[in-house]
Structure formats: structure tokens, C-alpha cells
Amino acid sequence: MLDTPVTGKRQVARGMFVIGMHAPEIASAVRAGQFVNLGWSAGPLLRRPFSVYRAEGEHIEVVLKAVGSGTGQMLAMEVGDRLSCLGPLGRGFEFGGGAREAVLVSGGLGVAPMLLAARDARTAGMKVTWVHGARTAAELCSEMDGDTVIWATDDGSQGMAGSAVAAAPDADVVLACGPNRMLAAAAERWPEAQVAVETYMGCGTGVCLGCAVPLKRGGYDRACKEGPVYRAADIDWAALPSHLPYAVVA
Amino acid sequence: MTTDMSVAVGGMKLRGPVLAASGTFGYGTEVPLVERRALGAMVSKGIFLRPREGTAPPRIAETPSGMLNAIGLQGPGADALVRDYAPQWAEWDFPVLVNINGESASEYAELTSRLDGVPGVAGFEINISCPNVEQGGMFFGNDPRAAATVTEAVRKRTKLPVWVKLTPMVSDIGVIARAVESAGADALCAINTFVGMSIDLNAYRPRLSFRTGGLSGPAIRPLAVHLAHQAARAVRIPVIGIGGIARAEDALEFLVAGCTAVQVGTATFVNPKAIAEVHDGIASFLEARAFRSLADLPRYLPRD
């Protein structure tokens with residue numbers, strides 16, 4: 001648990017912001033798909049989980065939208081304001097297996113783990129195709145990093161008209177993050193894809209069992225410990241709430 | 001000079017008055033060792049005889065200064081607990097009590113027999129107050145005869161300490177407290193969560209899939225202090241205070257109000273060091289006021 005200052009804030013899409021903080025141990029240890037659980041004094045009771053968006057030197061960044069009072073308070077923070085940062089938490093994406101190409105599919109705030117995923121995929125020797133979708137051009141994240149970048153918008157205002165899943169090519173390694181509805185569509189198309197799911201989260205450390213993810217084989221496990229990255233075919237998508245006001249990535 | 005923080009609670013001598021509440025510390029295996037140094041005792045996540053899946057998500061919802069949960073006592077069952085966790089508990093330097101659950105008095109009794117004598121199991125906390133199960137749970141806790149029946153059934157199967165965790169959802173907690181005291185409980189834990197509901201205005205339905213959930217966190221603290229105090233006034237056995245404790249001052253309120261020890265729950269979700277901080281804060285409070293031991297803390301406990 002780290003008490004850390006906010007070191008920067010910038011806008012990357014309409015309503016979407018990146019907040020940076022000083023967190024050397026997390027920056028050096030974090031893997032793509034892992035998250036931090038952030039709290040602050042006078043904030044809401046529970047911490048808020050965020051995928052680590054970028055990790056460079058002694059700093060990490062998270063990306064967020066004001067979806068509730070908690071994220072609203074975070075966006076009102078100034079450089080120097082303090083955050084309590086717990087992490088890195090959870091199990092991230094796997095890059096073993098010697099595949100030559102990775103396709104990253106992100107919808108909206110689903111960009112959150114993908115900058116690190118692009119980094120780690122390249123380190124593993126893969127070429128990166130990143131497909132990013134949003135409702136409109138203004139809501140597309142302006143910071144992308146892929147050997148090939150494909151855009152998709154619901155209204156056709158930039159790139160292909162339609163969803164990021166529909167716009168993506170096939171590949172041996174597919175990583176996806178976005179609203180659970182989008183991930184369910186990704187699971188239909190690529191059962192072996194690795195998906196980072198969104199859930200409500202209580203503790204982030206495995207004790208509260210609040211972040212239950214329904215599994216195809218029956219029962220639940222914890223997004224904060226066994227997840228938030230899953231093999232798409234392992235999740236019982238019909239039983240996973242499709243939209244949440246706040247979550248790991250949204 | 002170190003302040004003596006030890007307490008005697010319901011058949012146990014504990015090194016400190018701050019305990020981990022059931023359902024907020026898992027089976028103790030997720031929490032780094034450094035966070036356990038101040039732990040007086042740990043109460044395990046609630047367990048049934050057989051494995052349980054728990055409720056469908058969403059299971060939690062944040063509310064003002066609190067949270068609702070409906071986990072539904074997800075757990076691996078007694079056999080897995082004995083195999084996977086108890087051997088670890090046997091090595092630890094603080095006692096672990098198992099929070100036990102059943103759908104009938106005989107199921108509580110059977111579970112007790114299964115766990116009694118297992119190395120690592122130091123005692124039992126009978127859960128007759130879980131609001132998130134369809135059968136059993138809170139329904140035993142709001143009827144004095146049912147509460148006594150379950151307590152007796154467990155009492156007959158073990159010589160280990162038996163604590164009973166009470167529900168706040170009763171008209172007079174003193175009646176239930178006296179009933180379980182007479183049935184052989186060694187201590188009372190007051191209180192479990194309040195039943196609450198929160199509505200998702202986008203979906204026009206409850207935010208939790210279980211419809212209702214148990215409210216915990218600072219929001220319930222004054223209610224909990226009052227109920228723990230009422231329970232303590234009603235019985236001679238020790239009362240362990242629970243409800244929204246996040247800081248030493250919160251714990252001290254329960255202790256002054258007549259509790260012998262406290263459990264910290266939801267605060268651990270937010271701050272994994274909460275128990276250690278509460279423990280250290282109590283010690284500092286006592287030291288600053290020149291009390292040599294926790295036993296010297298003045299209590300406000302007029303008897304009924």
C-alpha cells in the first residue's frame with residue numbers, strides 16, 4: 001500500500017483522462033492486464049480498481065471517465081494531491097506460446113490495459129495489430145501503439161462503422177478489453193481469446209468475494225485474484241452482468 | 001513500558017482485543033504475514049458442511065459510508081477447510097475460530113462435530129445472522145428459541161469456545177442475547193450486517209442480484225455501538241463489538257460501551273493494515289492516558 005502524489009493529468013478522448021502517479025515498485029513489477037486499487041481521503045468508502053495504462057520509469061498511469069462520484073472526485077484532483085495505491089493486483093495477460101502476431105481489441109475504456117499489452121507482446125516477439133472502437137470519433141483514445149492500428153466507430157465517424165470485434169482480423173493471440181457485452185461477442189468469435197472483464201470489486205485482494213465471475217464449469221471465482229484476465233470460453237457470459245457503472249476498466 | 005492489551009474472551013486468552021471479522025479476511029491465507037502481527041484472533045469466512053457457490057453477481061454495492069453485500073456464503077465446505085486451511089492455522093501464533101452455518105440445528109451440530117478436534121480450529125462462531133441465504137442464517141437469529149436451539153446443538157458437540165454472532169434485525173437484542181447465553185454460549189458477537197436494499201435507476205431494479213444485502217461500514221457504527229451495548233447489558237458473558245470499526249477511536253467506543261473485544265471487517269477491504277492500525281491506536285490511547293492495561297479502561301455499562 002503506497003501513499004503517492006498525483007504527478008500528471010491529460011485528456012485522451014472526450015470525457016476520458018489519464019492520471020499519473022509516482023509508484024516505482026508497481027511500475028517495475030506490473031504486467032499488462034493487472035490493476036491497482038486506488039483510494040483517497042474524503043473519497044468513497046471503497047477503493048476503485050483501474051487497469052494500469054502505462055508504466056514508465058518510476059511512474060504509472062491509469063485511464064478513467066467520470067462515471068460516478070468517485071471517478072468524478074479523481075478527475076478533480078490536482079498534481080500533488082495524494083492517492084493510496086494498492087497493487088499491482090490480479091493476473092494479467094499471458095504472452096507465451098511463441099505466436100508471431102497479437103491482435104488487441106479494445107472498446108472505449110477497454111484501452112486501459114492495452115498500451116502495456118502492446119509493450120509486452122512486442123517484448124515476446126509479436127507484431128501488434130490494435131483495433132480500437134468507440135461510439136464516435138471524439139471518444140476514440142488518441143494514444144495508440146500498434147504496428148497496425150484499426151479504428152471502428154458505432155456511427156462510422158472514423159474508421160470502420162461497427163464494433164471493434166467486427167473490425168478485427170483473426171490471429172493466434174487475441175486480447176480483448178471493453179464492456180462485457182463486447183467481450184461476450186469476442187468470446188463467440190475467438191473462444192481462446194484472453195479477455196479482461198469488468199466487475200464490481202470490494203477489496204481487490206481476494207478476501208471479500210464480491211467480484212464474482214461466473215464460470216462455464218459452474219461456480220464463481222474472483223476477478224481480483226484468478227482474473228481479471230480470463231480465457232474467453234471459460235466465462236458464463238449470460239450470467240455476467242453486462243453493464244456496470246464502474247469497474248476494472250470502465 | 002508496554003501496555004497490556006491482552007483480553008480474556010469466551011474461554012480464550014487473546015494477545016489483543018482486535019479480531020478479524022468473518023468474511024473480511026478470507027481464511028487468513030490472502031493477507032501478508034506483516035498484517036497479522038496485531039491480530040487477537042481471526043474468524044474464518046463462514047462455512048457450511050458442504051460446498052456452496054454463493055449468489056450471482058452483482059454481489060456488492062457501495063452506499064453512503066457503507067456497502068451492501070450478498071455473497072451468499074460461498075465456500076468450499078468442511079472437508080476442504082480441514083484439508084486446505086486448518087493445517088496452516090495450526091502453525092499460526094493466534095487462534096482461528098470457524099464461522100459455522102447450517103440450514104437446520106442438526107446441520108450446525110454435524111458441522112461442529114466434523115471440525116471439533118481438528119488441529120488449527122480453536123473455536124466456533126455460530127452464524128445465526130447471515131442475511132444472504134435462503135434458509136437458516138438470520139432466521140435462527142431473530143427468534144430466541146431457534147437461536148437457543150442452534151447454540152445448544154453446537155454446545156453439545158464441542159468443548160471449544162462457542163461464540164454466537166447476533167443479527168441486528170430484531171426488536172430486542174437483549175432477549176436473543178440472554179437466550180443464547182442460557183444455551184451455553186461463551187461469548188456474543190454483536191452485530192452482523194443490517195438488511196438493506198439499493199436500486200439501480202438505470203435498470204429499475206435492485207443493484208444486487210439477491211435483491212437485498214447486508215449493510216456494513218461506518219454507516220452502521222452508531223447503530224452497532226448501541227446494539228452491542230444493549231447486548232452487553234443483558235448478559236454476563238463477554239460481548240465482542242462489530243460494526244463499522246475503521247480506527248482506534250471507533251473500537252474504543254465499543255470497548256467503553258461494554259465490549260471485551262472488537263472485530264474489524266469492512267475496513268480491511270479498504271485498508272489491509274486496518275487491524276494493525278486499530279490495535280496500535282488503542283495502545284497509544286491507553287498509554288497517553290497512563291492506563292497500564294486495557295482492563296483499566298473505564299467502561300460505561302449500567303446493568304439492566
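**Close-up views of a predicted two-chain model**

**View 1. Surroundings of B:I240.** Not counting residues up to four places away in sequence, B:I240 touches B:V9, B:L19, B:W163, B:A187, B:L188, B:C189, B:C259, B:T260, B:A261, B:V262 and B:Q263. Two residues are in contact if their C-beta atoms, placed from the backbone, lie within 7 Å. This is a predicted model: local features need pLDDT of at least 70, side-chain atom pairs count only at pLDDT 80 or more, and totals for chains, interfaces and linings use all residues. Residues are numbered from 1 along each chain as its sequence is written, while chains are lettered from A and ligands numbered from 1 in the order in which they are written.

**View 2. The largest nonpolar core.** This core has 197 residues. A nonpolar core is a set of buried Ala, Val, Leu, Ile, Met, Phe, Trp, Tyr and Cys residues joined through C-beta atoms within 7 Å. Buried means 20 or more other C-beta atoms within 10 Å of the residue's own, exposed means 12 or fewer, and partly exposed is in between. Those with the most contacts inside the core are A:A186, A:V195, B:L188, B:A228, B:A231, B:I240 and B:V262. Helix 6 (residues 221–234) of chain B gives the most to this core, with seven residues. Domain 1 (2–89) and domain 2 (101–239) of chain A both contribute residues, so the core lies between them.

**View 3. The two domains of chain A.** Chain A is divided into domain 1 (2–89) and domain 2 (101–239), with bounds from an automatic or database domain assignment. Their C-alpha centres lie 20 Å apart. The contact takes 22 residues from domain 1 and 23 residues from domain 2. On the domain 1 side, strand 4 of chain A gives the most, with three residues. Helices (H or I, at least four residues) and strands (E, at least two) are DSSP runs, numbered from the N terminus. This side of domain 1 divides into 14 nonpolar, three polar and five charged residues. Ala, Val, Leu, Ile, Met, Phe, Trp, Tyr, Cys and Pro count as nonpolar, Asp, Glu, Lys and Arg as charged, and the others, Gly among them, as polar.

**View 4. The contact between chains A and B.** Chain A supplies 23 residues and chain B supplies 23 residues. The chain A side holds 15 nonpolar, seven polar and one charged.

**View 5. Surroundings of A:H22.** A:H22 lies in strand 2 (residues 16–22) of chain A. A:H22 is partly exposed, with 18 other C-beta atoms within 10 Å. Leaving aside neighbours within four places in sequence, A:H22 is in contact with A:T4, A:P5, A:T7, A:E58 and A:H59. A:H22 and A:T7 are 15 residues apart in sequence and 6.6 Å apart in space, C-alpha to C-alpha.
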